[in-house]
Amino acid sequence: MTNEIPLSTPRRLALSQAHLRNSALFIVSVLAVFLVQPATPIRQLDFWLPFATLGITLIVWAGAGGEWPLKRGTLADAAVIAGIVLMIAALRYIDPLSAIITRSRPPDILTVSLALGVVAALALASLHSIGPKPARTVILVVLLIALLVILKWEPLTRNLSAGLRALQSQSVASASAFDIRWLGFSYIAFRLIGSLRDRAAGKLPAMTLREFITFVVFFPALISGPIDRADRFVKDLRAPFAFNLADATEGARRIAIGAFKKFVLADSLALIALNEVNARQVFPGGWAWLLLYAFTLRIFFDFAGYTDIALGVARFFGIKLPENFRNPYLKPNLTQFWNSWHISLTQWIRAYYFNPLTRALRQRNVSMVAIIFVSQITTMLVIGLWHGITPNFVIWGLWHGVGLFVHNRWSDFVKSRLAIPPERANLQRAMNIAGIVITFNFVALGWVWFALPTTTLALTVFQKLFGIG
Amino acid sequence: MIRDRRTVIGMLLRVAGLFVALNAAFALVNPVPALGNLSLYNVVFPGRLRLPYGDDPARAYNLSLFDLNAMFASHAVAWAKPADEYRVLLIGDSSTWGWFLDNEDTLAGRLNAKQMRAPDGRKLRVYNLGYPIMSLMKDALMLDHAMQYQPDMIVWPVTLESFPSAKQLSHPIVQNNAPAIRSLIARYSLRADPNDPTFVDPTLLQRTIAGQRRALADWFRLQVFGALWGATGVDQYIPEEYEPAQRDLEADEHFHAMKPPALNEGDLAFDVLDAGLAIAGDVPVLVVNEPILISAGQNSDVRYNFFYPRWAYDQYRRMLTDHMAQSGRPFLDVWDVVPEREFTNSAVHVTPKGSAMLADSIALEIQRMFQ
């Protein structure tokens with residue numbers, strides 16, 4: 001005898017639709033990992049990279065708590081994943097369909113079965129590993145960061161490529177960092193690290209394997225985010241769901257806006273945006289600024305367009321992914337810019353790096369100015385390195401770190417000395433506009449480091465922009 | 001739920017209705033030719049120094065399109081003619097356009113560098129209206145369109161490869177400007193077939209927004225590339241290395257379907273050449289038999305180069321000289337003025353030095369015409 005309140009019919013229907021929706025999202029997301037992975041020159045890597053994504057996610061789920069004993073539902077979900085992977089591998093033997101999901105012919109089914117066994121063993125080991133849970137979390141976080149470093153640092157990526165080429169009996173001499181394009185892994189790794197940290201802090205709700213996999217490889221956000229938080233995402237997954245016109249209309253609106261931003265504005269601006277080739281050709285002065293502004297707008301419309309599409313698609317399924325951009329180029333200072341640019345990344349960094357670092361420095365009685373300096377510089381450095389471990393990304397990070405620090409000091413100085421009385425609204429407006437113009441141009445100039453591969457070329461462009469030399 | 005479904009269906013029907021109505025209106029009005037005249041060039045961006053052409057847009061910042069209005073509107077020639085300008089239009093093929101040549105090295109660039117003056121003191125400005133297609137019909141099409149820009153003189157380099165009657169209509173730029181070509185055929189009683197099956201005559205469906213998406217996208221991209229043209233001055237991708245023109249040749253005596261011993265004048269489009277001269281009206285036209293690579297390699301006793309067997313080219317030169325003498329128009333034969341080493345990847349594409357040599361000869365002839 002239980003005292004549960006009986007569910008009303010619409011709610012029961014909504015829960016059953018939510019269950020169906022979740023199953024569909026789970027299966028489609030697992031398939032999408034393979035579908036979106038581009039071809040690579042290394043044989044079968046377009047199969048193994050998505051496979052590794054799923055394997056690592058499974059191991060992290062187990063490491064982040066998982067469940068024991070495994071429930072029947074979890075075993076069924078694991079079987080679904082294994083089934084999808086084996087089905088993709090089996091396509092190898094059906095000639096016209098062999099590359100219908102992966103870009104090239106998948107590996108043979110025996111190798112894939114063995115690899116599945118290895119992943120299952122590692123996941124079980126992760127569930128039952130010796131030692132306290134915090135140590136397990138640290139090990140997994142370190143491994144994920146190490147993997148990110150390998151993928152972001154060109155010499156290491158090239159070495160990894162050489163190793164993989166050797167394994168496949170391909171030419172090692174042709175190894176290149178471009179061989180390893182692990183689509184979406186930067187986002188996936190941050191979702192995994194965030195989940196491990198949340199679990200260690202006791203903030204991660206217990207998640208089933210299906211929920212965790214869906215969260216990590218959620219197909220609309222797979223390629224370019226946003227980086228959602230597990231606790232927020234799982235709330236949407238568990239809420240009753242019924243298709244409704246309002247969500248569908250909003251979803252369609254966001255998709256249309258996103259498609260316009262991406263395929264009309266960004267792709268048109270891409271034709272004239274600053275790049276390695278035209279940076280060498282451009283005449284000094286106004287023309288160089290034109291290319292730089294084109295890049296500045298292009299990167300925004302491209303990224304914001306993708307995000308709009310991701311949010312719109314997710315909305316169709318009742319998932320409200322977090323916003324990633326809020327008119328960043330219309331902000332009057334750099335701090336506000338970073339609060340409205342790639343919001344999910346900056347929030348992630350704030351939660352898992354900036355705040356812990358600031359707390360740690362405070363405990364060591366470091367002066368407030370030094371805390372602000374160190375935390376802002378290193379935070380922006382981490383964001384720079386997340387894009388790639390190159391001198392230009394380091395400089396780009398420092399550029400913004402120094403900018404944020406200077407703005408912080410400036411606003412502190414102005415607050416006490418140059419406060420504008422409310423009756424001088426026009427002056428406030430003029431200051432605001434000046435702030436927008438300065439911030440926009442500071443950010444635009446920062447993109448020079450971001451857009452170009454070498455420091456020398458970036459410096460050449462700076463010379464052209466300012467007519468020096 | 002049912003209400004939601006009805007609302008969705010109603011909305012979709014309205015969207016579909018609007019789409020159909022817009023497309024139908026677009027097809028009936030056909031605004032593409034008028035749109036072509038709208039251009040950011042010469043207003044926001046500098047006008048191009050040669051007509052847009054390019055098969056590698058990402059590196060050349062240039063593209064090929066069929067809309068003559070848009071092409072000419074992007075060219076510097078579309079800008080108002082200054083009172084002190086003596087305007088010379090240069091038409092022709094890829095050698096005139098300047099394949100693998102920067103703008104200052106093209107024939108037009110080299111002629112402009114000479115800073116010549118007309119007898120009345122006006123400064124000569126030479127406009128490069130060459131287009132990389134070898135067809136006299138294409139030249140006539142360009143000239144017919146270009147006459148609105150008030151030329152004072154026309155220089156028209158030609159070569160035998162532009163003459164075969166059978167290939168006059170075989171290029172997309174010609175086929176996609178069927179009304180203009182038909183008009184030429186009718187006005188000048190040309191031998192070409194006005195109902196040639198390769199002509200592109202868009203149906204009503206092809207005139208809709210959806211059907212014209214390529215033309216619209218081309219127009220848009222042409223405007224966007226204006227920024228890169230202005231910013232870099234690049235309008236052609238010139239590779240560091242290329243395969244040089246063939247010097248060792250096959251012992252093949254065919255020229256298209258023609259065989260020795262005699263070249264049939266009827267197989268060559270002299271009627272189109274005459275049409276071009278007629279289009280020019282009172283404007284002086286200097287026809288130039290352009291330089292060709294004269295090979296000294298294997299089988300060079302049979303052929304001058306990849307394009308031309310000796311027998312055909314020699315007869316063509318005689319025919320052209322006679323024809324021009326009959327027309328009473330100035331003619332310059334500079335077929336051998338550029339040495340073999342000054343050709344690049346084709347028997348008609350010259351190096352900057354070769355271009356300068358040709359410009360010297362033409363400049364001399366222009367001065368002679370002034371006297």
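Student: How many residues of chain B are in contact with chain A?

Tutor: Two residues are in contact if their C-beta atoms, placed from the backbone, lie within 7 Å. By that rule, 12 residues of chain B are in contact with 12 residues of chain A. Helix 1 (2–29) and helix 10 (213–232) of chain B each supply at least two residues of the side of chain B that touches chain A. The largest share of that side, eight residues, comes from helix 10 of chain B. By type, the residues of this side of chain B are seven nonpolar, three polar and two charged. Here Ala, Val, Leu, Ile, Met, Phe, Trp, Tyr, Cys and Pro count as nonpolar, Asp, Glu, Lys and Arg as charged, and the others, Gly among them, as polar.

Student: Which conventions apply to the model and its numbering?

Tutor: The model is predicted: local features need pLDDT of at least 70, side-chain atom pairs count only at pLDDT 80 or more, and totals for chains, interfaces and linings use all residues. Residues are numbered from 1 along each chain as its sequence is written, while chains are lettered from A and ligands numbered from 1 in the order in which they are written.

Student: How many helices and strands are there in chain B?

Tutor: Helices (H or I, at least four residues) and strands (E, at least two) are DSSP runs, numbered from the N terminus. Chain B has 13 helices and five strands.

Student: In what order do the strands of the sheet lie?

Tutor: Strands of a sheet pair through backbone hydrogen bonds, either parallel or antiparallel. Two strands are taken as paired if DSSP finds at least two bridges between them. In chain B, five strands form an open sheet in the order 2-1-3-4-5, with parallel pairing. Strand 2 and strand 5 (331–333) of chain B stand at the edges with a single partner strand each, so one side of each has no neighbour in the sheet. Strand 1 (residues 85–90) of chain B runs parallel to strand 2 of chain B, and six bridges join them; B:Glu85 has B:Lys123 as its bridge partner in strand 2. Strand 4 (residues 285–289) of chain B pairs with strand 5 of chain B in the parallel sense over three bridges, and B:Val288 has B:Leu332 as its bridge partner in strand 5.

Student: Is strand 2 of chain B mostly covered or uncovered?

Tutor: A residue is buried if 20 or more other C-beta atoms lie within 10 Å of its own, exposed if 12 or fewer, and partly exposed in between, with C-beta atoms placed from the backbone. Strand 2 (residues 123–128) of chain B is mostly covered, with five of its six residues buried. Of the 371 residues of chain B, 42% count as buried. B:Arg318, found in helix 12 (residues 310–327) of chain B, counts as exposed because it has 11 C-beta neighbours inside 10 Å.

Student: At what angle do helix 7 and helix 11 of chain B pack?

Tutor: Axes are lines fitted to C-alpha atoms, for helices over the stretch in contact, and angles run from 0 to 180 degrees between N-to-C directions. Helix 7 (residues 136–146) and helix 11 (residues 270–280) of chain B pack at an angle of about 10 degrees, with their axes 9 Å apart. The two helices of chain B are therefore roughly parallel to each other; angles under 35 degrees count as roughly parallel, over 145 as roughly antiparallel, 65 to 115 as roughly perpendicular and the rest as oblique. The residues of this contact divide into nine nonpolar, one polar and two charged.
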